[in-house]
Amino acid sequence: VDENFISKKLFYLFWTLIITYLLLLLIGPRVPDNLQKEYCVRNFEINSYLGHSMNCDSADWMLNASDPSRLLDEESIRQPRPGLITTVHIVTYPLDFIFKIFGFFGDYPKKTEINLNYDQTEILYEKFHPRLIYLSYALVNFFIIILILKLAFEIFNLSIFKFRDYQQITAWLLIFLVFNNITNQFFWSPSTKLFNLLCGVFTIKYIIRIVEEKINHRELLIIFLVLGVSLLFYGVFIVSYSCLLFFYFFKNYKEDPLRSLSYILMFSVIFISPFLIWYAYIQSINSDFYFQVFREHNSVIWFIDLILKKEFGNAMLKFYDNSSFFISGFIKQYWFLILLFFTNISIFFKNINFSIKNSVVLASLFYFFIYTIFFSLVGYLPLNISAGLIVPILIIFIFIIKQNYKNCLRKKTFIITNAFTFFVFCIWSIQKFGPYS
C-alpha cells in the first residue's frame with residue numbers, strides 16, 4: 001500500500017476525530033437543571049437533542065464582544081482582557097455581512113431597554129445577533145485548538161501540515177490536548193480558559209528552543225512582543241514571560257552578565273508595553289483601571305500583606321495549602337490518565353531511558369511548577385484551571401513513550417489496547433461535563 005496514501009488517511013482521520021468530538025460536545029445540556037447554580041452554568045437547548053451548559057460568565061463575554069465599548073465602563077470586570085473580546089467582534093463582521101445577504105439577523109444592531117430594579121433601567125446595545133457572536137467565539141476557539149496542536153507537534157519536531165507525521169504514535173497521543181476537561185467545558189462556552197492550554201505548549205516549546213540555543217535575540221524580541229499582546233487576552237501569559245526570562249538569563253548570564261541584563265530589560269519593556277498602552281488609555285478616560293482580581297479576590301495582595309506584617313509562617317502555610325489543593329485538584333481529574341501511563345510502561349516497555357536534564361522534560365517540569373505557583377499566589381484554584389497542568393504532564397509522558405518506543409514489546413497489542421481505551425475515554429468524555437464527573 002502506498003505510504004503517502006496511508007499518511008493522508010491518517011491525517012483525515014485525525015482531524016475528523018477532533019471535529020466530531022467538538023461537535024458531539026453539543027449533545028446536551030449535560031448539567032441537570034437543578035445543578036446549574038452549583039456548577040456556575042446556564043443551560044440552553046438548540047433542540048430536543050442538542051444544547052449546552054454554558055459557563056455563567058459567558059453571557060457577559062458575548063455582550064462585550066457585541067459592544068466592546070462596555071470595556072470602557074468604570075467597573076468593567078473584563079477591562080484587563082480586551083484581546084479576545086475585540087478579536088471576536090472583528091471576526092463577527094464578515095459573518096454578519098454574509099448572513100444578512102441571505103436575509104438573517106436584519107434586525108441588528110438594536111437597543112433593548114432592560115429593568116435593573118423598580119426605578120432603574122439600562123439601554124443594552126447589541127451590534128450583532130447573539131448567535132453570530134456565539135459562532136465567532138467557537139471559530140476563534142477552533143483556531144486556538146489548531147494553534148495548540150501546531151505548537152505541540154513542533155515540540156516533538158513534527159508538523160500538523162505534513163501527512164507523514166501522522167504515522168507517528170506521538171501525534172496520536174497529542175490528541176489528548178484536545179480531549180480534556182478544559183476543551184470539554186469551554187469550547188462551546190465563550191471564555192479565556194483555552195488559553196491555559198495554549199500558554200502551556202507555547203511556553204514549553206520556547207523554553208526548549210532557548211535551552212537548545214535554537215533561537216536568536218531578534219526572534220526572542222518578537223516572542224516577547226507576542227506574549228505582550230497575549231497578556232491582553234489572558235493574564236496566564238505572565239507565566240510564559242517568567243519562564244522564558246528565567247531560562248534566557250540562566251543560559252546567558254555567565255558569558256556576558258551586563259548584556260544579558262540589558263536584553264532582559266528590553267524583553268520586559270516589550271512584554272509590558274501593549275498592556276501599559278491599554279492601561280494608559282483607560283486611565284485617560286476613567287482616571288482609574290478596574291482590576292477585578294485585586295479588588296474582589298485580593299489576588300497576590302494576600303501574600304504581600306502577610307509578608308509586610310512579618311507573618312512569614314502564615315504566608316507560606318497558605319501558599320502551601322493553595323498549591324497542594326491545586327495539584328490535588330489536577331490529580332483528581334486525571335488519575336486515570338496517570339494510571340494508564342504507568343500501566344503501559346510496566347506492561348509494554350522495558351529498559352526505560354529517562355533523564356530529567358532533557359530539555360523537553362526540564363521545560364515541562366519547570367512550567368508545571370511556575371503555573372502552579374502563579375495560580376497559588378493569585379488564589380484562584382478551580383478545577384478548570386488546575387486542569388491546565390495536563391499540558392506539561394502529557395508532554396512528559398509522550399516524550400518518555402517516544403524515546404523508548406523502540407523498546408516497546410508487542411507494539412501492535414500496545415496500539416490496539418490503547419486505541420480501545422481511547423475510544424472508551426472519548427465516549428465517557430462526551431457525556432460528562434468538564435471536571436465534574
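Reader: In which helix does Thr 183 lie?

Author: This is a predicted model, in which local features need pLDDT of at least 70, side-chain atom pairs count only at pLDDT 80 or more, and totals for chains, interfaces and linings use all residues. Residues are numbered from 1 along each chain as its sequence is written, and side-chain values use heavy atoms, with hydrogens and water left out. Helices (H or I, at least four residues) and strands (E, at least two) are DSSP runs numbered from the N terminus. Thr 183 lies in helix H7, residues 181-186.

Reader: Is Thr 183 buried or exposed?

Author: Buried means under 20% relative accessible area, exposed over 50%, and partly exposed in between (1.4 Å probe, protein chains only). Thr 183 has a relative accessible area of 0% and is therefore buried. Contact means heavy atoms within 4.5 Å. Leaving aside neighbours within four places in sequence, Thr 183 is in contact with Leu 22, Leu 25, Ile 145, Leu 177, Val 178, Leu 194 and Leu 197.

Reader: At what angle do the axes of H8 and H17 cross?

Author: Axes are lines fitted to C-alpha atoms, for helices over the stretch in contact, and angles run from 0 to 180 degrees between N-to-C directions. Angles under 35 degrees count as roughly parallel, over 145 as roughly antiparallel, 65 to 115 as roughly perpendicular and the rest as oblique. The axes of H8 (residues 195-211) and H17 (residues 390-403) cross at roughly 50 degrees and come within 8 Å, which makes H8 oblique to H17. H8 contributes Leu 197, Gly 200, Val 201 and Ile 204 to the contact, and H17 contributes Ile 390, Val 391, Pro 392 and Ile 395.

Reader: How are H14 and H18 arranged relative to each other?

Author: The axes of H14 (residues 312-348) and H18 (residues 411-431) come within 12 Å and cross at roughly 165 degrees. The two helices, H14 and H18, are therefore roughly antiparallel to each other.

Reader: How many aromatic pairs does a search of the whole structure find?

Author: Rings of Phe, Tyr and Trp (its six-membered ring) pair if their centres lie within 6.5 Å; planes under 30 degrees apart count as stacked, over 60 as edge-to-face and the rest as tilted. The search finds 57 aromatic pairs. In one of them, the ring centres of Phe 44 and Tyr 134 are 5.6 Å apart and the planes stand at 90 degrees, so the pair is edge-to-face. Phe 44 belongs to strand S1 (residues 41-45) and Tyr 134 to helix H5 (residues 130-155), 90 residues apart.
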